[in-house]
Amino acid sequence: MRKKATGRTVRYSVDPYTLPPPPTQEEWEKLAASRLAVLEEMSDDADIDYSDIPDLRDVNWQPACRDVTFRLDNRIVDWLETYGDPRSIVNEVLRKEMFRVKRNAKAAEPAKTAKTIGKSRKKTAAPKTQKPRRARLVLEKV
């Protein structure tokens, strides 16, 4: 190998004429036999210590999904079927909308910094109430 230093980067180049020869068939067989011997020497799971693993048999596991039934208009179901499985599409659309609403709600929260905590703020007129925004659902063909 030759070492070339350029700045802080060190590069190595391999000389193909100084590489060792590839293993012979006998060497491969010897290596395979030694690996098999190691595997045979391994005991079964009797040596594994399970004492530090908590017992999870009594834990009440909640499923990742729940079955929810709701009615949709036939035209909506037909339209959803053009994009694929209606259940997965509705799930994906609702998940995207949920994250969008959470992200917008988080951005609307005032930032609490050391300067604003404990200081009184000027009283201003009450903000005008805004109409609730309608949820906008967008389907993308996959």
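Ala, Val, Leu, Ile, Met, Phe, Trp, Tyr, Cys and Pro count here as nonpolar, Asp, Glu, Lys and Arg as charged, and the others, Gly among them, as polar. The model is predicted, so local features need pLDDT of at least 70 and side-chain atom pairs count only at pLDDT 80 or more, while totals for chains, interfaces and linings use all residues. Residues are numbered from 1 along each chain as its sequence is written, and side-chain values use heavy atoms, with hydrogens and water left out.

The protein has three helices and two strands, in the order β-β-α-α-α from the N terminus. Helices (H or I, at least four residues) and strands (E, at least two) are DSSP runs, numbered from the N terminus. Of the 142 residues, 4% count as buried, which means under 20% relative accessible area; exposed means over 50% and partly exposed in between (1.4 Å probe, protein chains only).

The largest pocket has a volume of about 650 Å³. Its lining has 16 residues, and the closest to the centre are Val-68, Phe-70, Arg-87, Val-90 and Asn-91. Helix H2 (74–81) and helix H3 (86–108) are the elements that each give two or more residues to this lining; the largest share, five residues, comes from H3. By type, the lining residues divide into ten nonpolar, two polar and four charged. A pocket is an open set of points on a 1 Å grid over the protein atoms alone, where a 1.4 Å probe fits, with protein on both sides within 12 Å along at least five of seven lines; lining residues have an atom within 4 Å of a point. Grid points are joined across faces, edges and corners, and the volume is the space filled by probe spheres set on the points.

The whole structure holds one aromatic pair, formed by Trp-79 and Tyr-83 with 5.3 Å centre to centre and 80 degrees between the planes, an edge-to-face arrangement. Rings of Phe, Tyr and Trp (its six-membered ring) pair if their centres lie within 6.5 Å; planes under 30 degrees apart count as stacked, over 60 as edge-to-face and the rest as tilted. Trp-79 counts as partly exposed because its relative accessibility is 43%, and Tyr-83 is partly exposed at 27%.
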